[in-house]
Amino acid sequence: MGYWGLNLGQPLAKALLYSSDGHSERQALLSSGNIKAVLGLTKRRLVSSHGTHCDQQVEILTFSEDGGSKEKQFLMPPEETIVTFAEVKGMQEALLGSTIMNNIVIWNLKTGQLLKKMNIGDSYQASVCHRAYSEMGLLFIVLSHPCAKESEPMGSPVFQLIVINPKTTLSMGVMLYCLPQGQAGRFLEGDVKDSLAAAVLTSGRIAVWDLLLGHCTALLPPISDQNWSFVKWSGTDSHLLAGQKDGNIFVYRY
């Protein structure tokens, strides 16, 4: 059996396990309860946070190849509810989390120690951290802004790239990723992979950005009058998985 992926439903995190010949598969319950944030990590690991504030627990489960046996490790929780987790490209033993108070926290995965808490300002409330990159001692972080209001000069901001100096905790904006002129909608949910970002919008469309070029490169309208409900980049190539509430999933090649 092999570890294939994760699915977060009503407060459940599950893995889909499949045989090496691809002829059989089964689901395994990984975590349940008052889950606030969850993320599948490399090396068959799952990080999740349960509860809020003083009763919050942050744990990492490491699974065997067959999804059976597992090891549990606890990370030091911040005194704020965690909204999302993000791995750091270029720092294998680091993990980021974004909190409800617009702070970014960073852990050492070897020790479980909470290393830093860094405020990213109040320009956009309830910012969500999707991906982080380490370069020359700096952290470049891609955020989404579900509560951002449309600005006439810039359009509607959906994603933002910021840079943080972990030593000083100072941060500044690098680039704002907005919808093209004439397009409306706010962020509902999305995914970031390498230099590509995709988001489901309140308009029912999916928008795709090239983070290096800095602009929106594709807009996918709803199909059969069914708005999109989720979007996800595939793990091994540049395919985009787009889903609807009726259960239909479409695959696009970017």
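Q: Why does Tyr254 count as partly exposed?
A: Its relative accessibility is 41%. Buried means under 20% relative accessible area, exposed means over 50%, and partly exposed is in between, with a 1.4 Å probe and protein chains only. The value of 41% lies in between, so Tyr254 counts as partly exposed. This is a predicted model, in which local features need pLDDT of at least 70 and side-chain atom pairs count only at pLDDT 80 or more, while totals for chains, interfaces and linings use all residues. Residues are numbered from 1 along each chain as its sequence is written, and side-chain values use heavy atoms, with hydrogens and water left out.

Q: How do you know whether Trp233 is buried or exposed?
A: Trp233 has a relative accessible area of 5%. That is under 20%, so Trp233 is buried.

Q: How many aromatic pairs are there?
A: The count comes to six aromatic pairs. Rings of Phe, Tyr and Trp (its six-membered ring) pair if their centres lie within 6.5 Å; planes under 30 degrees apart are stacked, over 60 edge-to-face, and the rest tilted.

Q: Why is the pair of Phe85 and Trp107 called tilted?
A: The ring centres are 5.9 Å apart, which is within 6.5 Å, so the rings pair. Strands (E, at least two residues) are DSSP runs, numbered from the N terminus.

Q: What makes Phe85 and Trp107 buried?
A: Phe85 has a relative accessible area of 5%, and Trp107 has 0%. Each value is under 20%, so Phe85 and Trp107 are buried.

Q: Why is the pair of Trp233 and Tyr254 called edge-to-face?
A: The centres are 5.8 Å apart, within 6.5 Å, and the planes are at 90°, which is over 60 degrees, so the pair is edge-to-face. Trp233 belongs to strand E20 (residues 228-233), and Tyr254 to the segment after strand E22 (249-253).

Q: What is said of the phi of Arg44?
A: Arg44 has a positive phi of about 55° although it is not a glycine. Most residues other than glycine have a negative phi. Arg44 is found in the loop between strand E4 (35-41) and strand E5 (45-50).

Q: Why is Arg44 partly exposed?
A: Arg44 has a relative accessible area of 28%, which is between 20% and 50%, so Arg44 is partly exposed.

Key
Helix = DSSP H or I, 4+ residues; strand = E, 2+ residues; numbered from the N terminus.
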